[in-house]
Amino acid sequence: MPSDILERRGIRRHDTRTFTLASGKDVELPIGHAWITVEDRTTPTIIVFGEKQGQTLLGAYALEGLSLAADPVNERLVPVARLNAF
């Protein structure tokens, strides 16, 4: 999420992680933790502090926590019946 939005909401930076962008470039970005809600599902998740005015994206970690998956054909989120345990 854009860092300015997270800061206004009181989300604190706890650590940094290295992420690989679609271009193949590695970037180190700060992360925090927050509760998110999508429709009627709520979960704690890792939040990445992105560039101001940047895109807001739901990552795989958040989607798994919400038991949702992306349906790219119909451009929507769909419930996942079960999660894999390792």
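Q: What share of the contacts with a separation of 6 or more comes from residues 24 or more positions apart?
A: That's 30% in the protein chain, where contact means heavy atoms within 4.5 Å. Bear in mind that this is a predicted model, where local features need pLDDT of at least 70, side-chain atom pairs count only at pLDDT 80 or more, and totals for chains, interfaces and linings use all residues. Residues are numbered from 1 along each chain as its sequence is written, and side-chain values use heavy atoms, with hydrogens and water left out.

Q: OK, and what's the mean pLDDT of the chain?
A: The mean is 91, and 95% of the residues reach 70 or more; pLDDT is the predictor's confidence in each residue, from 0 to 100.

Q: Which element has the highest mean pLDDT?
A: Strand β2, residues 26–38, at 96, while helix α2, residues 60–65, has the lowest at 91. Helices (H or I, at least four residues) and strands (E, at least two) are DSSP runs, numbered from the N terminus.

Q: Switching topic, which residues are in the largest nonpolar core?
A: Eleven of them: L6, I11, A34, I36, V38, I47, F49, A62, L63, L66 and L68. Such a core is a set of buried Ala, Val, Leu, Ile, Met, Phe, Trp, Tyr and Cys residues joined through side-chain atoms within 4.5 Å, and buried means under 20% relative accessible area, with a 1.4 Å probe and protein chains only.

Q: Which element gives the largest share of that core?
A: β2, with three residues.

Q: And what does I47 touch?
A: Leaving out residues up to four places away in sequence, I47 touches L6, P30, I31, G32, H33, A34 and I36.

Terms used: Buried < 20%, exposed > 50% of the residue type's maximum accessible area, 1.4 Å probe, protein only.
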